[in-house]
Amino acid sequence: MDGASVWGISPGALALQTTDASGDAKTVEFRVLGGALYLFENNLSSGALTGSSTSLSSLVFRKIVTTNSMGVKIEMVLRSTVGAASSTESFYSTAVLRSH
């Protein structure tokens, strides 16, 4: 996790420093653009992770630091619309980061 992350507010952003299969440094970022969630690798978009009928209403990342590890709590609200029908759902998850 680095300084490009946006913590505790929506829309949040998460930037992770990692390595690729060759061991070279790599940055992986999750960002919101136009109501869609995008994945970026080394500042190049890999595309939207949300479908065209789904919009991201809220995305919050919360940094977790303990004496033994670091992690990220993710709070996300998605809205899906198909024709006249729509649905809004909240999702929550936590990821513990591995160190090399």
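The mean positions of the 7 positive and 7 negative charges of the protein chain lie 8 Å apart. In this count Lys and Arg are positive and Asp and Glu are negative, while His and the chain ends are not counted. Each charge is placed at NZ of Lys, CZ of Arg, CG of Asp or CD of Glu. The structure is a predicted model, in which local features need pLDDT of at least 70 and side-chain atom pairs count only at pLDDT 80 or more, whereas totals for chains, interfaces and linings use all residues. Residues are numbered from 1 along each chain as its sequence is written, and side-chain values use heavy atoms, with hydrogens and water left out.

**Overall build**

- The protein chain has zero helices and seven strands; helices (H or I, at least four residues) and strands (E, at least two) are DSSP runs, numbered from the N terminus.
- Read from the N terminus, the order of elements is β-β-β-β-β-β-β.
- Along the principal axes, the C-alpha atoms of the protein chain fill a box of roughly 50 × 30 × 20 Å.
- Of the 100 residues in the protein chain, 24% are buried; buried means under 20% relative accessible area, exposed means over 50%, and partly exposed lies in between (1.4 Å probe, protein chains only).
- The protein chain exposes about 6,400 Å², and carbon and sulfur atoms supply 53% of this area. Accessible areas come from the Shrake-Rupley method with a 1.4 Å probe, and for residues only the protein chains shown count as cover.
- Among contacts in the protein chain with a separation of 6 or more, 27% join residues 24 or more positions apart; a contact means heavy atoms within 4.5 Å.

**Nonpolar core**

- In soluble globular proteins, nonpolar side chains tend to be buried together.
- The largest nonpolar core here has nine residues: Leu14, Leu16, Leu37, Leu56, Leu59, Phe61, Val72, Met76 and Leu78.
- Strands β1 (14-19), β5 (54-65) and β6 (70-82) each supply at least two residues of this core.
- A nonpolar core is a set of buried Ala, Val, Leu, Ile, Met, Phe, Trp, Tyr and Cys residues joined through side-chain atoms within 4.5 Å.

**Valine 28**

- Valine 28 is found in strand β2 and is buried, at a relative accessible area of 14%.
- Apart from neighbours within four places in sequence, valine 28 is in contact with Leu14, Ala15, Leu16, Thr18, Leu39 and Phe40.
- Valine 28 and asparagine 43 are 15 residues apart along the chain, and their C-alpha atoms are separated by 8.0 Å.

**Salt bridges**

- Side chains of opposite charge can pair when their charged atoms come close.
- The structure holds four salt bridges; a salt bridge is a side-chain nitrogen of Lys or Arg within 4 Å of a carboxyl oxygen of Asp or Glu.
- One of them joins glutamate 41 and lysine 26, at 2.8 Å from N to O. Glutamate 41 lies in strand β3 (residues 36-41) and lysine 26 in strand β2 (residues 25-33), so this pair ties together parts that are 15 residues apart in sequence. Glutamate 41 is partly exposed, with a relative accessible area of 29%.
- Arginine 31 and glutamate 29 also meet in a salt bridge, at 3.3 Å from N to O. Arginine 31 is partly exposed at 24% relative accessibility, whereas glutamate 29 is buried at 9%.
- Lysine 73 forms a salt bridge with glutamate 75, and their closest N and O atoms are 3.8 Å apart. Lysine 73 is partly exposed, with a relative accessible area of 34%, whereas glutamate 75 counts as buried at 16%.
- Arg62, Lys73 and Glu75 are linked in a network of salt bridges.

**Backbone details**

- The peptide bond from serine 10 to proline 11 is cis, with omega near 0°. Proline 11 lies in the segment before β1.
- Asparagine 42 sits in the loop between β3 and β4 (44-48). Phi of asparagine 42 is near 50°, a positive value in a residue other than glycine. Asparagine 42 is partly exposed, with a relative accessible area of 44%.
- Asparagine 43 is also in the loop between β3 and β4, and has a positive phi of about 65° although it is not a glycine. Asparagine 43 is exposed, with a relative accessible area of 57%.
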